[in-house]
Amino acid sequence: MSQWTCRETSQLREIHACVERGTLHETWHLRDALAEPEHPDRWWYAASDQNGRVGAFAAIEGTRACLFGDDEDAVEAMARALLRSQQLHTSRESHRHVLYGPARVVNPLWRIFQDVGRQVVADRRPTLMASRTGGKGSRRMSLDVATSSDQKTCVAFLADRSVEMDGVDPRKVAPQRFEREIATAIAAGDLLVGREVSANNPGGRAMFVGEVQGLSDDVAMLNPWHVPGPIRGRKILVAGALLGATTTGPGADKTIWVLVEGDTLRLAADRAGYESLVAWREIAML
C-alpha cells in the first residue's frame, strides 16, 4: 500500500500527469485552473506517493476546491489531511466553501471531510450528459445566438442562476464587472437565448439562457445555463432549447455536454437526445 504525503504544492508536472490519466469527462472542470495555474488567487493541494506520483489533488481558488484523483486511497488521505488542517485553523468569519468534481472523487473525500462540522447549504448531484443524434425538440422554441439587445435578459437570467446555485447576486456584489462579462460573452457569440414563440407573441418570451464554451475540437460545454423555475416543468420546451444548442452558435455540429440536475430537467435532456456520462457532485458549506 502506498504512503501518501499531502501538502500544498507548486510542482505541477505530476498533477498534469494525473489529469492525463483521466478522461475529459472527469477533468473538464479543471480547464481554467490548468490554463492559468499560477493565478494569484489559486493554489494546489496534492496527495503524492513515495515516488512523487500524484494520486489526488485539489485546485483551490478562493474557497472553491475543484477535485480530481485516480486513487481512492489518495483521495481519503487528502481528506484526512484537509480535515486536520481545517480543525487547526478556525475562523470567526462565515465563508461559503465548495467541493466540486466527479462523484466518485467527491464521495470518498466527503465521507471523511464531513466531520469538519460545517453547515451544509447545498449538496447537488447533477449528471454530466452528452448530446447524440435522434433527439426531439419543440416547434414553440426559438433559439438564437444572443445579440447586444439581449444584454438585459442575459444579465437577469445568469444572475438568477448565480443566486440559486451560489447564493450570490452578482448584480449586487459586482454589477459593473458582471455586465462587462456578459457583454464580452455576447460579443464573442458564446451566449444563446431561447424563447417560447406563439401566434400571439411571435417575438417570443425568453425562457432559456446558456453559454457555450469549447472543450475540444468536437466537444463544447453548455455551462452555465438557466431556465426559470416555473418553466422547468415544461419538458418539451426545455428539450427544444437543449436540442437547439447542438445546431446553433459555437456548439453547432459538436457534441454538447451539459450538467443536468433533477428528474424534470433530466427527462427534458433525454427527449433532446442526451445520454448520461458521469455522476457529478457539488457540496457547499458555511
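Which residues does Leu-242 touch, not counting residues up to four places away in sequence? In this predicted model, Leu-242 is found in helix H9, and its partners beyond those close neighbours are Phe-208, Leu-222, Trp-225, Ala-268, Ala-269, Ala-272 and Tyr-274. With a relative accessibility of 0%, Leu-242 counts as buried, because buried means under 20%.

An α-helix has 3.6 residues a turn, so residues three or four places apart point the same way.

The packing of H9 against H10 can be described in its own right. The two helices meet at an angle of about 55°, and their axes are 8 Å apart. H9 and H10 are therefore oblique to each other, and H9 passes H10 in a right-handed crossing. On the H9 side, the contact is made by Lys-235, Ile-236, Val-238, Ala-239 and Leu-242, which meet Thr-264, Leu-265, Leu-267, Ala-268, Ala-269 and Arg-271 in H10. Sorted by class, the residues of this contact are eight nonpolar, one polar and two charged.

H10 is followed by Gly-273, which has a positive phi near 95°. Asp-253, in the loop between H9 and S12, also has a positive phi, near 65°, although Asp-253 is a residue other than glycine. Is Asp-253 buried or exposed? Its relative accessibility is 80%, so Asp-253 counts as exposed, the cut-off for exposed being over 50%. As background, most residues other than glycine have a negative phi, and most peptide bonds are trans.

Helix H4 (residues 72–88) packs with helix H5 (residues 103–113) at an angle of about 40°, and their axes are 8 Å apart. That angle makes H4 oblique to H5, since angles under 35 degrees count as roughly parallel. The crossing of H4 and H5 is right-handed. From H4, the residues taking part are Glu-72, Val-75, Glu-76, Met-78, Ala-79, Arg-80, Leu-82, Leu-83 and Gln-86; from H5, they are Val-105, Pro-108, Leu-109, Arg-111, Ile-112 and Phe-113. This contact of H4 with H5 has ten nonpolar, one polar and four charged residues.

Helix H6 (residues 151–166) and helix H8 (residues 175–187) form another pair, packing at an angle of about 120° with axes 10 Å apart. H6 and H8 are therefore oblique to each other, and their crossing is right-handed. Here Gln-151, Cys-154, Val-155, Leu-158 and Ala-159 in H6 meet Phe-178, Glu-179, Ile-182, Ala-183 and Ile-186 in H8. By class, the contact of H6 with H8 has eight nonpolar residues, one polar and one charged.

Ala-46 belongs to strand S2 (residues 42–48). At 2% relative accessibility, Ala-46 counts as buried. Which residues is Ala-46 in contact with, leaving aside its neighbours within four places in sequence? They are Thr-5, Cys-6, Arg-7, Thr-9, Val-54, Ala-56 and Phe-57. Ala-46 and Phe-68, which are 22 residues apart in sequence, have 9.8 Å between their C-alpha atoms.

Notes: Residues numbered from 1 in each chain as written. Predicted model: local features only at pLDDT ≥ 70, side-chain atom pairs only at ≥ 80, totals over all residues. Heavy atoms only, no water. Helix = DSSP H or I, 4+ residues; strand = E, 2+ residues; numbered from the N terminus. Axes fitted to C-alpha atoms, helices over the stretch in contact; angles between N-to-C directions. Parallel < 35°, antiparallel > 145°, perpendicular 65-115°, else oblique. Left-handed = near helix turned anticlockwise from the far one by under 90°. Contact = heavy atoms within 4.5 Å. Nonpolar A, V, L, I, M, F, W, Y, C, P; charged D, E, K, R; others polar. Buried < 20%, exposed > 50% of the residue type's maximum accessible area, 1.4 Å probe, protein only.
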